[in-house]
Amino acid sequence: MKHTLIILALMSSLAAASGGPKEVSLTPELAAKLGFHISVKPEGPAIMFELKGPKESPSGCPASRSGTFLLGKNSEELLVHITELPASKSGPEAIGYFTGNKHTMGVFIDYLCKGEKVLKSVRYTVQSTSDWLITSKGTGRSKVAPVL
């Protein structure tokens with residue numbers, strides 16, 4: 001019994017010290033493999049960036065939060081917006097609108113587990129919308145297209 005209490009105390013301190021979900025940057029290949037859909041399209045003077053994900057992570061954690069963030073020239077966070085996701089039959093999504101070229105925007109979806117699986121929580125993120133823009137060769141112009 002004494003050993004069980006010590007093990008439980010260690011497990012709870014590890015969970016409290018986890019510092020949040022593990023962060024995984026999505027590439028087009030990883031996004032497709034995990035069931036994410038990413039689209040980038042112009043809407044007037046802005047660029048709409050949409051990340052749609054599966055209802056659960058591969059480890060079974062439910063989608064719990066989504067958000068967007070704005071990064072400055074030196075990758076410092078200027079703004080973060082997080083939305084708690086209600087239970088839903090449809091998959092989670094994060095949508096952001098981006099204008100300007102002095103900053104970059106990113107989007108994420110958090111999959112949060114509870115209890116024994118808390119350390120399997122994960123944040124899937126696209127760090128920079130700029131990385132998802134396809135540059136046309138030879139023209140020097142950028143075009144925006146759905147990636148997946």
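This is a predicted model: local features need pLDDT of at least 70, side-chain atom pairs count only at pLDDT 80 or more; totals for chains, interfaces and linings use all residues.

Reader: Which residue does the disulfide join to Cys61?

Author: The general idea comes first: a disulfide is a covalent bond between the sulfur atoms of two cysteines. Here Cys61 is joined to Cys113, with an S to S distance of 1.7 Å. The structure holds one disulfide.

Reader: What parts does the pair tie together?

Author: Look at the loops. Cys61 sits between β3 (46-52) and β4 (63-71), while Cys113 sits between β7 (104-111) and β8 (122-126), so the link ties together parts that are 52 residues apart in sequence.

Reader: Is the link of Cys61 and Cys113 left-handed or right-handed?

Author: The angle about the S-S bond is -105 degrees, and the link is left-handed.

Reader: And are Cys61 and Cys113 buried or exposed?

Author: Both cysteines, Cys61 and Cys113, are buried.

Reader: Now the sheet, please. In what order do the five strands lie?

Author: Reading across, the order is β1-β8-β7-β4-β5, in an open sheet with mixed pairing. At the edges stand β1 (22-25) and β5 (77-84); each has a single partner strand, so one side of each lacks a neighbour in the sheet. On average, neighbouring strands here are turned by 20 degrees against each other, direction ignored.

Reader: In which sense do β4 and β7 pair, and over how many bridges?

Author: They run in the antiparallel sense, with eight bridges between β4 and β7. To find your place along this pairing, look for Leu71, which stands opposite Thr104 in β7.

Terms used: Residues are numbered from 1 along each chain as its sequence is written. Side-chain values use heavy atoms; hydrogens and water are left out. A disulfide is a pair of cysteine sulfur atoms within 2.5 Å. Helices (H or I, at least four residues) and strands (E, at least two) are DSSP runs, numbered from the N terminus. Buried means under 20% relative accessible area, exposed over 50%, partly exposed in between (1.4 Å probe, protein chains only). Two strands pair if DSSP finds at least two bridges between them. Axes are lines fitted to C-alpha atoms, for helices over the stretch in contact, and angles run from 0 to 180 degrees between N-to-C directions.
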